[in-house]
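Subject: A structure for you to look at

Hello,

I am passing on a structure that I have been reading through, and I hope you enjoy exploring it. Please open it first, and then read on for what was found.

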Amino acid sequence: MAAVNFDKVVKSFGAFTAVHGLDLAIDEGEFVSLLGPSGCGKTTTLRMLAGLEFPTSGEISIGDRVVNDLAPGERDIAMVFQSYALYPHMTVAQNIAYPLKKRGVPKSERGAMVQKTAELLQLTELLSRKPRQLSGGQQQRVALGRALVRDPKVFLLDEPLSNLDAKLRGYMRVELVELHRRLGRTMVYVTHDQLEAMTMSDRIAVMEGGRLQQFAPPTEVYRAPANRFVAGFIGTPAMNLIDGEIRQSGGTWQFHAPGLTLDCPPLLDSARPGPACLGIRPEGVVFGSGPIEGVVQVVEQTGHENIVVARIGADMRLTGRVGAERVWQAGETVRCGIDIDRAHIFAAGAAGERL
Ligand code: ATP
């Protein structure tokens with residue numbers, strides 16, 4: 001039995017459907033991120049799991065219990081929000097103890113539970129401080145402490161790091177991964193930040209337009225995107241997506257676009273000749289040699305590498321990731337190639353599946 005299961009879950013707000021028939025089975029102890037652009041339905045999904053929204057149809061279960069009709073307090077979950085919402089007039093210890101007090105845990109037991117949680121999050125020294133006397137990262141740890149103290153079955157985290165600066169976010173990412181490892185609890189994490197999702201998750205549920213696009217480990221989402229949407233959404237700089245068509249001659253498939261003809265990587269049996277899209281990550285583009293002629297348009301120096309954008313023909317752009325040792329100039333002519341072993345072919349259309 002999955003720790004969390006969504007079975008054909010639909011959520012509509014009036015005539016608008018925010019989540020379309022979501023099927024998602026999250027394993028016990030897994031760290032799963034719901035990742036997607038603004039408005040894709042990830043927060044609605046998390047709120048349904050929390051009991052803050054109710055599904056229009058379908059079933060949500062936690063462990064072996066269907067929770068559709070259970071109030072948030074009956075679900076054995078804890079939620080950490082983007083705004084930590086600590087009580088400003090309470091000390092750190094009182095803030096952490098608050099959920100226990102609300103649930104009627106006797107005062108004599110609360111102290112030890114707060115102490116244990118504080119030790120886990122390295123907050124022991126700060127227990128008598130008020131939230132305004134803490135840094136952003138410390139406040140976020142207190143918010144985590146408040147969620148942890150009850151030892152719930154599932155943790156729900158809604159963009160918990162988005163109010164922190166970049167350096168602290170990096171630090172907290174590591175802390176969260178470490179915490180997950182120590183606790184071994186199921187965590188469901190909502191983010192629109194792919195770096196967070198890629199670095200922390202066991203599996204990522206990529207959503208778009210209220211629909212699940214792919215549910216897989218980070219490396220698989222990166223290396224084998226299920227469709228064109230996932231291909232374009234995951235990875236910085238983004239994957240090059242070139243519209244053209246696939247043709248079959250003899251037993252081999254070729255991809256054609258203006259000024260470009262390439263043998264295809266192995267395709268699925270379902271592939272048919274016709275419009276298609278070639279996807280190649282910037283690290284799969286070779287600059288300096290190859291059959292394609294281009295003109296360098298933009299060079300971004302990041303220090304350890306250069307991101308080079310070249311124009312091919314009238315309106316095709318190719319972005320490549322190249323070593324920092326060779327300096328490219330805008331306007332210079334360049335020969336490029338595509339490492340076909342690293343290319344993907346997608347069916348035509350914005351959500352075309354990988355062939
Ligand atoms: P963001 O990253 O911006 O928070 P999200 O992926 O979390 O986006 P949701 O908040 O789940 O997206 O919203 C999904 C869609 O449902 C959006 O189009 C949103 O406007 C709509 N929506 C969410 N809540 C309501 C509501 N209470 N009433 C009407 N529409 C809603």
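Which residues surround the ligand? They are F13, F16, A18, G36, S38, G39, C40, G41, K42, T43, T44 and H192, where a residue is near a molecule or strand if its C-beta atom, placed from the backbone, lies within 6 Å of it.

Before going further, please keep in mind that this is a predicted model, in which local features need pLDDT of at least 70, side-chain atom pairs count only at pLDDT 80 or more, and totals for chains, interfaces and linings use all residues. Residues are numbered from 1 along each chain as its sequence is written.

Back to the ligand. (Helices, H or I of at least four residues, and strands, E of at least two, are DSSP runs numbered from the N terminus.) By class, the shell has four nonpolar, seven polar and one charged residues. Here Ala, Val, Leu, Ile, Met, Phe, Trp, Tyr, Cys and Pro count as nonpolar, Asp, Glu, Lys and Arg as charged, and the others, Gly among them, as polar.

Next, the sheets. Strands of a sheet pair through backbone hydrogen bonds, either parallel or antiparallel. Two strands are called paired if DSSP finds at least two bridges between them.

Another open sheet has four strands in the order β17-β16-β15-β18, with antiparallel pairing. Its edges are β17 (316–323) and β18 (333–338); each has a single partner strand, so one side of each is left without a neighbour in the sheet. The twist here averages 50° from one strand to the next. Seven bridges pair β15 (residues 285–301) with β18 in the antiparallel sense, and I338 in β18 is the bridge partner of V285.

Finally, the helices. How do α2 (residues 92–102) and α4 (residues 136–148) pack, and at what angle? Their axes are 7 Å apart, at an angle of about 30°. The two are therefore roughly parallel (angles under 35 degrees count as such, over 145 as roughly antiparallel, 65 to 115 as roughly perpendicular and the rest as oblique). The contact is made by V92, N95, I96, Y98 and P99 of α2 with V142, G145 and R146 of α4, counting residues whose C-beta atoms, placed from the backbone, lie within 7 Å.

Helix α2 also meets α3 (residues 107–120): their axes come within 10 Å and cross at roughly 125°, and the helices are therefore oblique to each other. On the α2 side are A93, I96, A97, L100 and K101, and on the α3 side R110, M113, V114, T117 and A118. That contact divides into seven nonpolar, one polar and two charged residues.

Technical notes
Axes fitted to C-alpha atoms, helices over the stretch in contact; angles between N-to-C directions. Contact = placed C-beta atoms within 7 Å.
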